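Please look through the sequence and the structure shown here before reading on. The paragraphs below then go from the single chains to the places where they meet, and end with a few individual residues.

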Amino acid sequence: MKRALEANIGLVYLFLYTPIFAVVVFSFNSGEQISVWEGFTFGWYARLFEDAALWRACRNSLMVAGVATVIATVIGTAAALAIERHRFRFRTALVRVLYLPIIIPDIVLAIALLTFYVQVRIPLGLMTVIIAHGVFNIAYVTIVVRARLQGYDNTLEEAARDLGANEWQTFWRITLPLIAPGIIGGALLAFTLSIDDFVITFFTAGVGYTTLSVHIYSLLKFGITPKINAISTMLLANSIVFILLFLWFQGGATSSQKQDF
Amino acid sequence: MRRNYHLFILLFPVVFWLVCFFLLPLVSVFIYSFIERGTYGGVRWHFTWENYQRLFDGLYLGILWRSVSTASVCTAVCLLLGYPFAYYLARYKPKHRNVLLLLVVVPFWTNFLIRTYAWILILRTEGLLNNLLGAVLPNWGPLELLNTPLAVQIGLVYGYLPFMILPLYAALEQLDVSLLEAAQDLGAPPRRAFWHITVPLSLPGILAGSMLVFIPTVGAFLTPDLLGGGKVSYIGNVIDRQFKTARDWPFGSALSFMLMGIVLVGTVLYFRALQENEGQP
């Protein structure tokens, strides 16, 4: 029985990592075929630097993700504070509607926004993508910040107020530093999801406003070259840096909390 | 009064964003699903039921059935792979447990397109799997694995397995071991203890994991598009085609609405099952 369980563990890790490992290895392959090994080279990486379209797509992705993350972090944090700290009439309804963009399939959200933009005559461009990313990013930020708000007791805030701090002072000096790890974690999550998003961007971006995901998609659809392996490996390295950052902030959160109390 | 003012400041942005860029778009797609398609790809503002009637066409019912059954198989496979995995992990030394769990999440953080592309690299006719088998077996004729329903199924399981493992792990890790010890003391064989204690107590994890896998896979667009090569249609691809190539937006809208309906019914069933489970002693 134990053997079978261990075999299953091995199988799952093998299943999860073989494809990723293969992409990384073949990004150093000198052959013109994506999956036939011929020799070692850094050549494909060198070519990435000359690829103007790729860099333009990167810039668009960073811009969309950056702006959408800032918007979503502010709005999502405010929403989390309202939901956790206040009782109001449509609270349950708000929570349900807020999480709906995560529940419904990407393609439905994408189509809904596309028909909406066309009906109210908003021209498709990068702005329309930012608005769309805002919709799902707000939901994710709210979830992460709410979890953080639920995790600590508000006696510190009461103490600050008893000691004569006004509401702004209490918010800036007590509440914000305490929930900061949650806000940063939520922002990192939003940024990653935004960079990774393909389906919603694909339908809401105007012609000529290509993001990295859409660029990769067109490479995959219309002619796969080994360059795609190199792009993938670079993105993979990026994701790993981001996970480490996310964990560092979340981990720092729990240890500092322990020290405080 | 002041408190109300604060609440207004906190709530106004989120309510504004959700109403303008989520609820109104849903209304918009709903309206589109009831109008006629124009002759040259545009729309005619004329009320019709036709888009919904077309959904009951044998062709589209077949595609719908394929999407639902593929998502169900994907959910079942994820559960079969994920349950023993989470079970083992939950009983692993706490020190290494988090690292092992992190290793499950790492692939999930990488770009979905890249993860899907990796399977093209493996499954294509000149891909790694065929090359490997060809090197080992002398008479190996390369298999056409890419652009098949099997490739789509593998890609979906790969993409969504972590969604199954994480909630299962959360449920199994909280499991009170003393209950299992009590069962053992009372003479229950391990198999009986497993089916009568472990499985029922991890039911919330099973339900959550199944929902997290089923919902995105039933509307999947990218995986069937890249690994199915457009040869096998799923509902996500049909919607995409109505908007990008066929230019029949009203019908695409009706399809989207039906897909959303399926997902919402699934969600409601999930919450109901969860409540019933909590209601039991």
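Helices here are DSSP runs of H or I with at least four residues, strands are runs of E with at least two, and both are numbered from the N terminus. In this predicted model, chain A read along its sequence follows the pattern α-α-α-α-α-α-α-α-α-α-α, and its secondary structure comes to 11 helices and 0 strands. The C-alpha trace of chain A spans about 70 × 60 × 40 Å along its principal axes, and buried residues make up 43% of its 261 residues. When contacts in chain A between residues at least 6 apart in sequence are considered, 77% of them join residues at least 24 apart.

Chain B has 13 helices and 2 strands, and the C-alpha trace of chain B spans about 80 × 75 × 35 Å along its principal axes. A compact globule of 281 residues would have a radius of gyration near 19 Å, whereas the value for chain B is 24 Å. Of the 281 residues in chain B, 41% are buried, and among its contacts between residues at least 6 apart in sequence, 70% join residues at least 24 apart.

Within chain A, the domain assignment gives domain 1 (1-41) and domain 2 (52-260). The C-alpha centres of domain 1 of chain A and domain 2 of chain A lie 31 Å apart, and 8 residues of domain 1 of chain A are in contact with 7 residues of domain 2 of chain A. By class, the side of domain 1 of chain A that touches domain 2 of chain A has 5 nonpolar, 2 polar and 1 charged residues.

The next step is to see how the two chains meet. In the model, 57 residues of chain A are in contact with 58 residues of chain B. On the side of chain A that touches chain B, the largest share, 11 residues, comes from helix α1 (residues 2-26) of chain A. Sorted by class, this side of chain A has 45 nonpolar, 11 polar and 1 charged residues.

Which residues touch the most other members of the largest nonpolar core? They are A:Ala79 and A:Ile111, in a core that has 146 residues. Helix α7 (residues 149-173) of chain B gives the most to this core, with 16 residues. Domain 1 (1-41) and domain 2 (52-260) of chain A both give residues to the core, so it lies between them. For A:Ala79, leaving aside its neighbours within four places in sequence, the contacts are A:Leu98, A:Ile138, A:Thr142, B:Leu10 and B:Val14.

Helix α10 (residues 203-218) of chain B has 16 residues and reaches 22 Å from its first C-alpha to its last, close to the 22 Å expected at 1.5 Å a residue. This helix, α10(B), is mostly covered, with 12 of its 16 residues buried. The buried residues of α10(B) include B:Gly205, B:Ile206 and B:Gly209, and the run from B:Ser210 through B:Met211, B:Leu212, B:Val213, B:Phe214, B:Ile215, B:Pro216 and B:Thr217 to B:Val218 is buried as well.

Two loop residues of chain B deserve a look at their backbone angles. Most residues other than glycine have a negative phi. B:Asn147, although it is not a glycine, has a positive phi of about 60°, and B:Asn147 lies in the loop between α6 (128-136) and α7 of chain B. Because B:Asn147 has 19 C-beta neighbours inside 10 Å, it counts as partly exposed. B:Arg247 is likewise not a glycine and has a positive phi of about 50°, and B:Arg247 lies in the loop between α12 (235-244) and α13 (249-279) of chain B. Because B:Arg247 has 15 C-beta neighbours inside 10 Å, it too counts as partly exposed.

Is B:Met260 buried or exposed? B:Met260 is buried, because 23 other C-beta atoms lie within 10 Å, and B:Met260 lies in helix α13 of chain B. Leaving aside its neighbours within four places in sequence, B:Met260 is in contact with A:Ile104 and A:Val108. B:Met260 and B:Asn147 are 113 residues apart in sequence, and from C-alpha to C-alpha they are 27 Å apart in space.

Key
Residues numbered from 1 in each chain as written. Chains lettered and ligands numbered in written order. Predicted model: local features only at pLDDT ≥ 70, side-chain atom pairs only at ≥ 80, totals over all residues. Buried ≥ 20, exposed ≤ 12 C-beta atoms within 10 Å, placed from the backbone. Contact = placed C-beta atoms within 7 Å. Nonpolar A, V, L, I, M, F, W, Y, C, P; charged D, E, K, R; others polar. Core = buried A, V, L, I, M, F, W, Y, C linked by C-beta atoms within 7 Å. Domains from an automatic or database assignment. Rg over C-alpha atoms; globule rule 2.2 N^0.38 Å. Expected span 1.5 Å × (residues − 1).
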